[in-house]
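Q: Can you walk me through the charged pairs in this one, then the strands and the surface?

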Amino acid sequence: MSIWDTASAAIDAAFAVSVTYAGSGIALNDPISAIREDMPGEPFMGPGATVTMIGFEIKRVSLPRRPEKGDTIDDGRQLWRVQDVTDRDPVDAWFAIVEQAR
């Protein structure tokens with residue numbers, strides 16, 4: 001086992017939450033683990049608070065396909081809808097940027 005495998009397992013154990021993932025062509029019987037990330041969004045001109053971008057890092061082995069726009073993630077407190085997805089190749093994961101679905 002490499003040092004990265006050990007570190008990755010420790011990060012997952014510390015930060016992963018259980019979520020229910022749903023989307024076309026995805027039939028999961030059990031929740032999966034994902035790491036929620038809240039970060040500043042793109043700056044914008046105008047009044048109001050700073051925009052926060054919310055996303056979930058999902059290991060590729062957790063889903064049968066890449067997340068797609070419109071898929072949903074339920075973290076037990078909120079239902080989220082996937083808006084965009086980026087690859088995180090170094091950690092063999094996808095990062096799904098989400099918005100509130102309800």
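A: A definition to start: a salt bridge here is a side-chain nitrogen of Lys or Arg within 4 Å of a carboxyl oxygen of Asp or Glu. Keep in mind that this is a predicted model.

Q: OK, how many salt bridges does the structure hold?

A: The count is 12. One of them pairs K59 with D12, where the closest N and O atoms are 3.9 Å apart. That value falls under the 4 Å cut-off.

Q: Where do K59 and D12 sit in the chain?

A: They come from distant parts of it. K59 belongs to strand 3, residues 52-59, and D12 to helix 1, residues 3-15, with 47 residues separating the two.

Q: What about D71, what does it bridge to?

A: D71 pairs with R65, at 3.0 Å between the closest N and O atoms. Both D71 and R65 are buried.

Q: Where is D71 placed, and what does it touch?

A: D71 lies in the loop between strand 3 and strand 4, the latter being residues 72-74. Leaving out residues up to four places away in sequence, its contacts include Y21, A22, G23, S24 and I26. R65, W80, R81 and V82 are also among the residues D71 touches.

Q: Which of those contacts are polar, side chain to side chain?

A: There is a polar contact of 2.8 Å between the side chains of D71 and Y21. Another, of 3.0 Å, joins the side chains of D71 and R65.

Q: Switching to strands. How do strand 1 and strand 2 run?

A: Antiparallel, with 4 bridges joining strand 1 (residues 16-22) to strand 2 (residues 32-40). In that pairing, A16 has I35 of strand 2 as its bridge partner.

Q: How many bridges between strand 2 and strand 3?

A: Strand 2 and strand 3 pair over 6 bridges, in the antiparallel sense. One example is M39, whose bridge partner in strand 3 is M53.

Q: Now the surface. Which residues make the nonpolar patch?

A: I3, W4, I11 and F15 make a nonpolar surface patch of about 460 Å². Of these, F15 is in helix 1. F15 counts as exposed because its relative accessibility is 54%.

Q: Last one, L28. Where is it, and how exposed?

A: L28 is in the loop between strand 1 and strand 2. Its relative accessible area is 31%, so it is partly exposed.

Q: And what does L28 touch?

A: Not counting residues up to four places away in sequence, L28 touches Y21, S62, L63 and P64. As for R60, its C-alpha atom is 14 Å from that of L28, and the two residues are 32 apart along the chain.

How values were computed: Residues are numbered from 1 along each chain as its sequence is written. This is a predicted model: local features need pLDDT of at least 70, side-chain atom pairs count only at pLDDT 80 or more; totals for chains, interfaces and linings use all residues. Side-chain values use heavy atoms; hydrogens and water are left out. Buried means under 20% relative accessible area, exposed over 50%, partly exposed in between (1.4 Å probe, protein chains only). A polar contact is a pair of N or O atoms within 3.5 Å; within protein, one must be able to donate a hydrogen and the other to accept it, and residues adjacent in sequence count only if both atoms are side-chain atoms. Contact means heavy atoms within 4.5 Å. Two strands pair if DSSP finds at least two bridges between them. Patches are made of residues with over 30% relative accessible area and no salt bridge: like charges are joined within 9 Å, nonpolar side chains (Val, Leu, Ile, Met, Phe, Trp, Tyr) within 5 Å. Accessible areas come from the Shrake-Rupley method with a 1.4 Å probe; for residues, only the protein chains shown count as cover.
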